[in-house]
Amino acid sequence: MEKQKIYHQFCKNEKQIAILLDPDKNTKISDLKLRLAKAQSMGASFIFVGGSLIAHSIDEFVKQIKKITTIPIVLFPGSVIQISAKADALLFLSLISGRNADFLIGNHVIAAPFLKKSELEIISTGYLLIESGVQTSVEYMSYTKPIPYSKTDIAVATAIAGELLGNKLIYLEAGSGAQRPVSFEMINQVKKNISVPLIVGGGLRTKSQIMQAFDAGADVVVIGTALEENIHFADL
Ligand code: 1GP
C-alpha cells in the first residue's frame, strides 16, 4: 500500500465523516449492509472499527466489511485484542487526557511487535476524553478522568502537548452515546492551536450538530450511535 495513504486522506483540506461500527453491535449481516450503504451515500471517508468489549472476531468483521465496501477501514481499538492485520490503518491511540500508564504507553508496548510486522498503517493519535454529562464506557474502562466540559484551556494545552509529542491526529471524544457532544467552543479553540487534523466524536446525533462541529473546526466527525439508532439519520 502507498505509504501513509490513509493519513494523507485525513489531511485533505475538506470536511470528512467517519462511521464507527462496533463488531458487537453489527452482528446481523443485513444491518451491516444497510449501515455501509448509508456510509457510502453520506460520502463517508472512513469506517472506524472498535468498541469497549469484544464478543465477536475483529478479523471476521473486517473481512465482512471489505466484501461490502471499498471505504478504508481504520481500527479504533478499545484494547489490544481489537487489532486486525486485515484493516487498512490503526489509530494508535494514546489517552493523553488521562494518567493511566496502560493507556498512555503500556498497551502500545504489548501491541508494537505485532504492529511492526503487519502492513497496517499506524497513525499516532492523541486521544482526549471530555466530560459529557454521564460516565461513559471509555471513562469506566480506562480508569481515567475526563477533562471537565468547560475546561477549554486544559483541552487546548493537552492537544498542544500531544502534537509536540508527535501525535499526527488529535481526537476530541465525548464518549460513545454521550449526552452532549464536546462544546463547539472547545473544538474551536483546540483547532486554532494545533496544525494536525482534528477528529471530533461522541454524542453527535443531528445533522445540525455535525455541521456546527465542522464549522467550529472539526476536520473529521465520527458517527456511531446515531446511525445504530436510526438508519435514516441525517441525510447529508
Ligand atoms: C465514539 O466518537 C465515537 O468513540 C462515536 O460516538 O457513538 O456517540 O456517535 P457516538
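These are my notes on a few features I looked up in a predicted model.

**Entry 1. Two helices.**
I began with a helix pair. Two packed helices are described by the angle between their axes and the distance between the axes. I took helix 2, residues 29–41, and helix 3, residues 58–68. Their axes are 10 Å apart, and the packing angle is about 55°. I therefore noted helix 2 and helix 3 as oblique to each other. The crossing of helix 2 past helix 3 is right-handed.

**Entry 2. Salt bridges.**
Next I turned to charged pairs. Side chains of opposite charge can pair when their charged atoms come close. How many salt bridges does the count come to? I have five salt bridges written down, and I looked at some of them in detail.

Glu131 forms a salt bridge with Arg180, and their closest N and O atoms are 3.0 Å apart. Glu131 is in the loop between strand 5 and helix 5, while Arg180 is in the loop between strand 6 (169–173) and helix 7 (184–193), so this pair ties together parts 49 residues apart in sequence. I checked the exposure of both partners. Glu131 is partly exposed at 27% relative accessibility, and Arg180 is partly exposed at 32%.

I then looked at Lys191 and Asp219, whose side chains meet in a salt bridge at 2.8 Å, N to O. This pair links distant parts of the chain, 28 residues apart: Lys191 is in helix 7, and Asp219 is in the loop between helix 8 (207–216) and strand 8 (220–223).

Glu229 belongs to helix 9 (residues 225–229) and Arg205 to the loop between strand 7 (198–201) and helix 8, so the pair ties together parts 24 residues apart in sequence. Glu229 counts as exposed, at 56% relative accessibility. Arg205 counts as partly exposed, at 32%.

**Entry 3. Val134.**
I went back to the loop between strand 5 (121–129) and helix 5, where Val134 is placed. Val134 is partly exposed, with a relative accessible area of 39%. I also looked up its separation from Arg180. Val134 and Arg180 are 46 residues apart in sequence, and their C-alpha atoms are 9.0 Å apart in space.

**Entry 4. A surface patch.**
Which residues form a nonpolar patch on the surface? I found Leu53, Tyr140 and Met141 there, with about 350 Å² of accessible area together. Tyr140 sits in helix 5, residues 137–142. Tyr140 has 57% relative accessibility and so counts as exposed, the cut-off being over 50%.

**Entry 5. Tyr143.**
Most residues other than glycine have a negative phi. What is phi of Tyr143 near? I noted 55°, a positive value in a residue other than glycine. Tyr143 lies in the loop between helix 5 and helix 6 (152–164). Tyr143 counts as exposed, with 72% relative accessibility.

Key. Residues are numbered from 1 along each chain as its sequence is written. This is a predicted model: local features need pLDDT of at least 70, side-chain atom pairs count only at pLDDT 80 or more; totals for chains, interfaces and linings use all residues. Side-chain values use heavy atoms; hydrogens and water are left out. Patches are made of residues with over 30% relative accessible area and no salt bridge: like charges are joined within 9 Å, nonpolar side chains (Val, Leu, Ile, Met, Phe, Trp, Tyr) within 5 Å. Accessible areas come from the Shrake-Rupley method with a 1.4 Å probe; for residues, only the protein chains shown count as cover. A salt bridge is a side-chain nitrogen of Lys or Arg within 4 Å of a carboxyl oxygen of Asp or Glu. Helices (H or I, at least four residues) and strands (E, at least two) are DSSP runs, numbered from the N terminus. Buried means under 20% relative accessible area, exposed over 50%, partly exposed in between (1.4 Å probe, protein chains only). Axes are lines fitted to C-alpha atoms, for helices over the stretch in contact, and angles run from 0 to 180 degrees between N-to-C directions. Angles under 35 degrees count as roughly parallel, over 145 as roughly antiparallel, 65 to 115 as roughly perpendicular and the rest as oblique. A crossing is left-handed if the near helix is turned anticlockwise from the far one by less than a right angle, and right-handed if clockwise.
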